[in-house]
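Please keep the sequence and the model open while reading.

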Amino acid sequence: MLNHPENWHDILDQSLTTADAVARHLPVDRHRLAEICERYPLRINPYYFSLIEAPGDPIWRQVIPDAAELSDDSGCPDPLAEEPLSPVPHLIHRYPDRAVLLVSNQCAAYCRFCMRKRRVGKTASALTAVRLDAVVGYLRQQTRVRDVILSGGDPLMLETGELETILTALHGISHVEVLRIHTRIPCTLPQRITPSLVEMLRLFFPLYINVHFNHPREITAASAAACARLADAGIPLGNQSVLLKGVNDTPDVLKILFRRLLTLRARPYYLHHPDPVRGTGHFRLPIQTGLRVMAGLQGHTSGLCLPHYVIDVPGGGGKVPLLPEYIQGNDERVLRVKTYTGTVFEYPV
Ligand SMILES: *Cc1c(COP(=O)(O)O)cnc(C)c1O
Ligand code: SF4
């Protein structure tokens with residue numbers, strides 16, 4: 001196992017980014033790994049790397065390249081049509097009242113299942129001042145947009161000052177009422193959640209943060225402390241997980257994850273069905289699995305632990321929530337419903 005320094009910059013500097021570096025620590029096929037990394041970049045920082053316990057475990061699967069990435073010719077690079085829905089570079093505008101701003105294409109660890117696999121870790125396409133001006137100019141005209149989501153890559157890979165510049169520009173748009181940051185860093189590099197970052201974020205309330213944990217083993221003393229710093233500052237935390245084959249595809253694992261997240265004050269928000277992104281086919285599973293997971297949670301644990309299970313419609317139609325079949329039939333007088341124990345009741349309508 002790797003030891004890691006305390007400071008987040010130093011931790012990042014010691015990231016494993018080549019096949020050779022990984023092969024020094026883990027039993028992997030170095031040549032195959034090198035081939036994969038040419039197409040899809042590799043980065044695992046030593047903190048997240050230290051969570052790996054055994055080959056093929058749920059942490060390993062999320063960040064160690066798999067030969068299946070190169071042989072997968074299913075799906076497409078951009079199934080959600082994010083590029084065509086981009087009116088100005090870096091901005092995705094799919095829904096009338098909210099937009100996603102891609103502020104970074106760097107992450108503290110590159111997840112092999114990433115839905116933006118086409119761009120993360122690739123060219124250093126930074127959000128320059130000129131491009132930010134263009135984004136703000138567009139958003140000023142779009143008076144229906146009331147919620148802007150910073151995403152990437154990972155927004156918290158930016159320096160605190162860079163992030164502050166972006167938040168200041170968005171905060172200055174009068175119809176933008178709410179800002180959101182979507183980040184995996186409280187999970188993959190919790191040391192980044194410094195007091196000075198949190199102090200800066202407090203200037204931009206109402207600000208919501210959605211974190212991204214996929215497995216109970218990602219919840220450590222360090223990641224719990226990072227979430228506590230954000231929550232103590234008054235930032236509401238949600239969690240988005242991706243349902244991943246071989247990582248978290250059972251009700252038992254997700255029940256533990258969601259319960260622990262509640263103790264971190266991060267409320268499960270979405271459970272994403274994996275998108276048909278090329279190079280991620282080995283993580284995909286049937287919708288039935290997701291429905292079974294949801295049926296295993298509803299009623300069996302706190303309602304606060306229940307995320308929406310969503311698919312994102314290819315082509316850019318947006319997210320659609322899916323629920324297990326609770327309605328067994330209905331007529332003018334009664335609705336027949338199945339409860340969490342499987343018993344069917346008649347409910348008068
Ligand atoms: C998911 C998403 C959003 C945010 O959706 P919410 O349901 O409000 O969380 C906004 N824009 C795009 C393009 C998205 O994919
Ligand atoms: S942190 Fe998010 S954007 Fe970055 S690789 Fe993982 S899933 Fe993709």
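## Basis

This is a predicted model, in which local features need pLDDT of at least 70 and side-chain atom pairs count only at pLDDT 80 or more, while totals for chains, interfaces and linings use all residues. Residues are numbered from 1 along each chain as its sequence is written, chains are lettered from A and ligands numbered from 1 in the order in which they are written, and side-chain values use heavy atoms, with hydrogens and water left out.

## Cysteines

A disulfide is a covalent bond between the sulfur atoms of two cysteines. Here a disulfide is counted when a pair of cysteine sulfur atoms lies within 2.5 Å. The count by this rule is zero.

C187 is buried, at 0% relative accessibility. C111 is buried too, with a relative accessible area of 14%. The cut-offs are these: buried is under 20% relative accessible area, exposed is over 50%, and partly exposed is in between (1.4 Å probe, protein chains only).

## Helices α7 and α8

Helices (H or I, at least four residues) and strands (E, at least two) are DSSP runs, numbered from the N terminus. Helix α7 spans residues 129-141 and helix α8 spans residues 160-171. Their axes come within 10 Å and cross at roughly 20°. α7 is therefore roughly parallel to α8. The crossing is right-handed. On the α7 side, the contact uses L132, V136 and L139. On the α8 side, T165, I166, A169 and L170 take part. By class, six of these residues are nonpolar, one is polar and none is charged.

Some terms need their limits. Axes are lines fitted to C-alpha atoms, for helices over the stretch in contact, and angles run from 0 to 180 degrees between N-to-C directions. Under 35 degrees is roughly parallel, over 145 roughly antiparallel, 65 to 115 roughly perpendicular, and the rest oblique. A crossing is right-handed if the near helix is turned clockwise from the far one by less than a right angle, and left-handed if anticlockwise. Contact means heavy atoms within 4.5 Å. Ala, Val, Leu, Ile, Met, Phe, Trp, Tyr, Cys and Pro count as nonpolar, Asp, Glu, Lys and Arg as charged, and the others, Gly among them, as polar.

## Helices α12 and α13

How do α12 and α13 cross? Their axes come within 9 Å, at an angle of roughly 55°. The two helices are therefore oblique to each other. This crossing is right-handed. α12 contributes P251, L254, K255 and F258 to the contact. α13 (residues 287-297) contributes R292, V293, G296 and L297. The contact has five nonpolar, one polar and two charged residues.

## Backbone geometry

Most residues other than glycine have a negative phi, and most peptide bonds are trans. A cis peptide bond joins G152 and G153, with omega about 15°. G153 lies in the loop between β3 (147-151) and α8. Another cis peptide bond joins F205 and P206, with omega about -5°. P206 sits in the loop between α10 (195-201) and β5 (207-211).

A81 is not a glycine, yet has a positive phi of about 55°. A81 belongs to the loop between α6 (68-71) and β1 (91-95). A81 is buried, at 13% relative accessible area. R265, also a residue other than glycine, has a positive phi near 65°. R265 is in the loop between α12 (251-263) and β7 (266-272). R265 is partly exposed, at 44% relative accessibility.

## Two buried loop residues

Y40 is in the loop between α3 (30-39) and α4 (46-49). Is Y40 buried or exposed? Y40 is buried, with a relative accessible area of 7%. Y40 and L70 are 30 residues apart along the chain, and their C-alpha atoms are separated by 9.1 Å. Beyond its neighbours within four places in sequence, Y40 contacts E69, R112, K117, K122, R278 and G279.

T183 is in the loop between β4 (178-182) and α9 (185-188). T183 is buried, at 4% relative accessible area. Not counting residues up to four places away in sequence, T183 touches D154, L156, I209, N210, V211 and H212.
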